[in-house]
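Here is my note for your first read-through. Please keep the viewer open and check each point as you go.

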Amino acid sequence: MTNSARIDPTSGRAANSGFVRARTVSRWLLAIAYFLVGIEHIRSPHGFVSIVPGWVPFPQQTVFVTGLCELAGSVALLTRRLRWWAGVMLAAYAVCVYPANINHAINNIPVGGASLGWWYHGPRLAAQPLIVWWALFAGEVTLWPFRRRRGNAAA
């Protein structure tokens, strides 16, 4: 059985070892980040609860469940058999929590007594599509934008 992270799906040939290493490091960094944030969602939910939009039912339970999702996703991302699903689900998760980030920014909701301002919110909101892509890339769902075009020998 071959490891799909080491095979270029467009050519069937071995992938560049630097690319494989970068993708592996990317996967571990994302898994660690989601694991740490998942622990924070469960251990210290109050800051997260405060940014949940009012239309979301059961905000405390929602924050707890999102923490569990982050923990499960981080572990699954490091599991070969579950990696693809983890990438898809963590990407969907990042889309689903985006309204909380927007609510946090638009209403300048203080967390831990501190308002963060647009120096934080602007880049954070702009980074969300990157986080979605990162989950898909780390989960081996996509190679974009690194995928070679068929017939193109250049990397």
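This is a predicted model: local features need pLDDT of at least 70, side-chain atom pairs count only at pLDDT 80 or more; totals for chains, interfaces and linings use all residues.

The points below cover helix packing and then aromatic rings.

1. Residues are counted from 1 along the chain.

2. Look at helix H1 (residues 17-43) and helix H3 (residues 59-77). They pack at an angle of about 155 degrees. Their axes are 8 Å apart. Angles over 145 degrees count as roughly antiparallel, so H1 is roughly antiparallel to H3. The crossing of H1 past H3 is left-handed.

3. Now see who makes that contact. H1 contributes residues including Leu30, Ala31, Tyr34 and Phe35. From H3 come, among them, Val63, Phe64, Leu68 and Leu71. Sort the contact residues of H1 with H3 and you get twelve nonpolar, five polar and two charged.

4. Turn to helix H5 (residues 98-106) and H6. The angle here is about 160 degrees, and the axes lie 10 Å apart. H5 and H6 are therefore roughly antiparallel to each other. They cross in a left-handed way.

5. Find the residues at this second contact. On the H5 side they are Tyr98, Asn101, Ile102, His104 and Ala105. On the H6 side they are Trp118, Tyr120, His121, Arg124, Leu125 and Gln128. The contact of H5 with H6 has six nonpolar residues, four polar and one charged.

6. Next, the rings. How many aromatic pairs does a search of the whole structure find? The search finds five. One of them joins phenylalanine 19 and phenylalanine 137. Their ring centres are 5.8 Å apart, with 80 degrees between the planes, and the pair is edge-to-face. Phenylalanine 19 sits in helix H1 and phenylalanine 137 in helix H6 (residues 118-138), so this pair ties together parts that are 118 residues apart in sequence.

7. Is phenylalanine 137 buried or exposed? Its relative accessibility is 5%. Buried means under 20%, so phenylalanine 137 counts as buried. Ring pairs also link Phe19, Trp133 and Phe137 into a cluster.

8. Compare tryptophan 84 and tryptophan 85. They form an edge-to-face pair, 5.0 Å centre to centre, with 90 degrees between the planes. Tryptophan 84 has 42% relative accessibility and counts as partly exposed. Tryptophan 85 has a relative accessible area of 52%. Exposed means over 50%, so tryptophan 85 is exposed.

Notes. Side-chain values use heavy atoms; hydrogens and water are left out. Axes are lines fitted to C-alpha atoms, for helices over the stretch in contact, and angles run from 0 to 180 degrees between N-to-C directions. Helices (H or I, at least four residues) and strands (E, at least two) are DSSP runs, numbered from the N terminus. Angles under 35 degrees count as roughly parallel, over 145 as roughly antiparallel, 65 to 115 as roughly perpendicular and the rest as oblique. A crossing is left-handed if the near helix is turned anticlockwise from the far one by less than a right angle, and right-handed if clockwise. Contact means heavy atoms within 4.5 Å. Ala, Val, Leu, Ile, Met, Phe, Trp, Tyr, Cys and Pro count as nonpolar, Asp, Glu, Lys and Arg as charged, and the others, Gly among them, as polar. Rings of Phe, Tyr and Trp (its six-membered ring) pair if their centres lie within 6.5 Å; planes under 30 degrees apart count as stacked, over 60 as edge-to-face and the rest as tilted. Buried means under 20% relative accessible area, exposed over 50%, partly exposed in between (1.4 Å probe, protein chains only).
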